[in-house]
Structures are given as structure tokens and as C-alpha cells.
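Let's work through a few exercises together, step by step. Have a look at the sequence and the model first, then try each task before reading its solution.

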Amino acid sequence: EMYTSSDGLVAAPRPGGSAWECLEQIASETGQEATLIKCRHVDRGRFFFLMAKDYSVPTEEIKTPDDLANRVFPGTYQKLFQSHEIVDSKALVHAGHPAQELRVEAVHASMGPIRKRERVITAGNHVFVLSAEGKPDVYDAEYPAIEAWFAGARFKNLTK
């Protein structure tokens with residue numbers, strides 16, 4: 001079963017079972033268009049979520065997936081986490097488009113150790129992000145859901 005945003009721009013395989021809640025966020029202000037879907041554990045003690053996002057940037061802010069993943073995102077990680085280390089960064093192709101995938105080990109001020117996998121894809125002035133993040137034991141236990149999410153996510157604006 002796919003969980004699809006109400007604007008139809010982002011869809012991903014909804015994890016099975018009742019342990020999950022899925023939600024969307026849509027911003028449609030000119031120049032700030034973004035659609036995000038997220039599925040997370042209902043049990044907040046098992047901190048873990050899957051996210052898929054499509055957002056547009058002004059032409060002058062277009063960057064490559066490598067630039068975003070290895071130069072822009074670390075600034076965000078620095079704000080979110082007490083510490084972080086990119087343990088793997090690799091270029092790949094996602095739906096025929098250039099992509100960069102990161103694996104991050106981080107420490108959050110209140111939640112402690114966090115494991116994160118993030119893939120960024122670009123096409124035109126759109127940036128597409130797939131993410132899985134959570135406590136290491138939950139993250140590792142959710143490996144099948146992570147693989148299904150990254151393989152099955154669909155972005156309407158990511159066409160060849």
C-alpha cells in the first residue's frame with residue numbers, strides 16, 4: 001500500500017502494521033513549494049521515521065546532489081545534533097537522475113545516538129530527499145521498511 005500526499009507529488013510504501021502513523025506537510029507559497037510525507041513509529045520511545053520530500057529552489061540556488069549531501073546538509077546536521085559523522089557518502093543513480101546517499105552516525109542532545117540514511121536527488125530546480133532516521137536498535141530492526149521506502153518512493157516531478 002502506498003501512502004501518497006494529497007497533491008499527488010510524493011508517494012512511498014506505507015510500512016505495515018498498526019505501529020505506524022503517516023502524515024504530510026505541504027507548503028505552497030511561491031518560491032517555497034514543498035511536499036513532505038513522513039511515516040513514524042507511534043511509540044515515541046522507539047524513535048524512528050521515514051521521510052520523502054520534494055521541494056523547489058530558485059534557479060540561482062540549484063546545486064548538485066554531491067554539493068547538497070556533502071556541503072549543505074552537514075550544516076543542518078550540526079544544528080540538529082550534538083555531534084555527527086558522515087560514515088559513508090556515495091554517488092548513485094535514482095530513477096535515471098544523479099543522486100548522492102549518506103549514512104550518518106550522530107548524537108542528539110535528548111535522544112542520544114541516532115543513525116540516519118539520506119538520499120538526495122536533483123532534477124531541474126527540484127530537490128528530492130529520502131530519509132530514514134532513528135535510534136540505532138530501531139533503525140537496524142526496520143531495515144526491511146527502509147529498503148522498501150528507498151526502493152519504492154515515487155516523485156511525480158522526477159520524470160525522465
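**Exercise 1: a glycine and its surroundings**

Gly112 touches Ala106 and Val107, leaving out residues up to four places away in sequence; contact here means heavy atoms within 4.5 Å. A word on the ground rules: this is a predicted model, in which local features need pLDDT of at least 70 and side-chain atom pairs count only at pLDDT 80 or more, while totals for chains, interfaces and linings use all residues. Residues are numbered from 1 along each chain as its sequence is written, and side-chain values use heavy atoms, with hydrogens and water left out.

Task: find the strand that holds Gly112, and decide whether Gly112 is buried or exposed.

Solution. Step one: Gly112 belongs to strand E8, where strands (E, at least two residues) and helices (H or I, at least four) are DSSP runs numbered from the N terminus. Step two: the relative accessible area of Gly112 is 18%, so Gly112 is buried. The cut-offs are under 20% relative accessible area for buried, over 50% for exposed and partly exposed in between, with a 1.4 Å probe and protein chains only. Step three: Gln82 is 30 residues from Gly112 in sequence, and their C-alpha atoms are 9.1 Å apart in space.

**Exercise 2: a lysine in strand E8**

Task: which side chain does Lys116 join through a polar contact?

Solution. Begin with the location: Lys116 is in strand E8. Its relative accessibility is 7%, so Lys116 counts as buried. Next, look at the side chains: Lys116 and Glu133 are joined by a polar contact of 2.4 Å. Such a contact is a pair of N or O atoms within 3.5 Å; within protein, one must be able to donate a hydrogen and the other to accept it, and residues adjacent in sequence count only if both atoms are side-chain atoms. Finally, beyond neighbours within four places in sequence, Lys116 is in contact with several residues, including Tyr77, Leu102 and Tyr139.

**Exercise 3: the disulfide**

Task: which cysteines form the disulfide, and what is its handedness?

Solution. First, the structure holds 1 disulfide, meaning a pair of cysteine sulfur atoms within 2.5 Å. Cys22 and Cys39 are the partners, with an S to S distance of 2.1 Å. Then check the torsion: about the S-S bond of Cys22 and Cys39 it is about 110°, so the disulfide is right-handed. The pair links distant parts of the chain, with Cys22 in strand E3 and Cys39 in strand E4 (residues 34–41), 17 residues apart. Both Cys22 and Cys39 are buried.

**Exercise 4: aromatic rings**

Task: how are the rings of Trp20 and Phe48 arranged?

Solution. Start with the rule: rings of Phe, Tyr and Trp (its six-membered ring) pair if their centres lie within 6.5 Å, and planes under 30 degrees apart count as stacked, over 60 as edge-to-face and the rest as tilted. This gives 6 aromatic pairs. For Trp20 and Phe48, the centres are 5.9 Å apart and the planes are at 75°, so the pair is edge-to-face. The two residues are 28 apart in the chain, Trp20 in strand E3 (residues 20–27) and Phe48 in strand E5. Trp20 counts as buried at 9% relative accessibility, and Phe48 is buried at 1%. To finish, ring pairs link Trp20, Phe48 and Tyr139 into a cluster.
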